[in-house]
Amino acid sequence: MLIFTIAAGAGLVSGAALGILAWRLPLLAALLFPAVLLGNWLGDRAAGQIGDALWRAVVSVILGGAALAALLRLL
């Protein structure tokens, strides 16, 4: 999970350094941070409750959906 935090931070820092950062994005990140904490908490509780195969399938669907949304945004 830490890799996503590092990647997001690096993106914000590099965007600011290049002068292309929309300053509403850090505000949006701060507003969404409670949802991230909630998701981490729910994931931690669910991790020991469901089987590995189902867990991987759910994570794959979520990550695939995020990737698809990013691709659609480019179009």
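Is Val-59 buried, partly exposed or exposed, and what is its relative accessible area? In this predicted model, Val-59 has a relative accessible area of 32% and is therefore partly exposed, since that class lies between the 20% limit for buried and the 50% limit for exposed residues. The residue is placed in helix H3, which spans residues 52–74.

Together with Leu-2, Ile-3, Phe-4, Ile-6 and Leu-63, Val-59 forms a nonpolar patch. The accessible area of these residues together is about 610 Å². Two helices, H1 and H3, each supply at least two residues of the patch. The largest contribution is that of H1, which gives four residues.

Confidence is highest in H3, where the mean pLDDT is 92, and lowest in H1 (residues 2–18), where the mean is 86. For the protein chain, the mean pLDDT is 87, and 99% of the residues reach 70 or more.

Helix H2, covering residues 24–47, is the place of Asn-40. With a relative accessibility of 33%, Asn-40 counts as partly exposed, because this value also falls between the limits of 20% and 50%. In sequence, Asn-40 is 18 residues apart from Ala-22. In space, the C-alpha atoms of Asn-40 and Ala-22 are 27 Å apart.

How values were computed: Residues numbered from 1 in each chain as written. Predicted model: local features only at pLDDT ≥ 70, side-chain atom pairs only at ≥ 80, totals over all residues. Heavy atoms only, no water. pLDDT = per-residue confidence, 0-100. Buried < 20%, exposed > 50% of the residue type's maximum accessible area, 1.4 Å probe, protein only. Patch = residues over 30% accessible without salt bridge, like charges linked within 9 Å, V, L, I, M, F, W, Y side chains within 5 Å. Areas by Shrake-Rupley, 256 points an atom, 1.4 Å probe, with all protein chains shown as cover. Salt bridge = Lys/Arg side-chain N within 4 Å of Asp/Glu carboxyl O.
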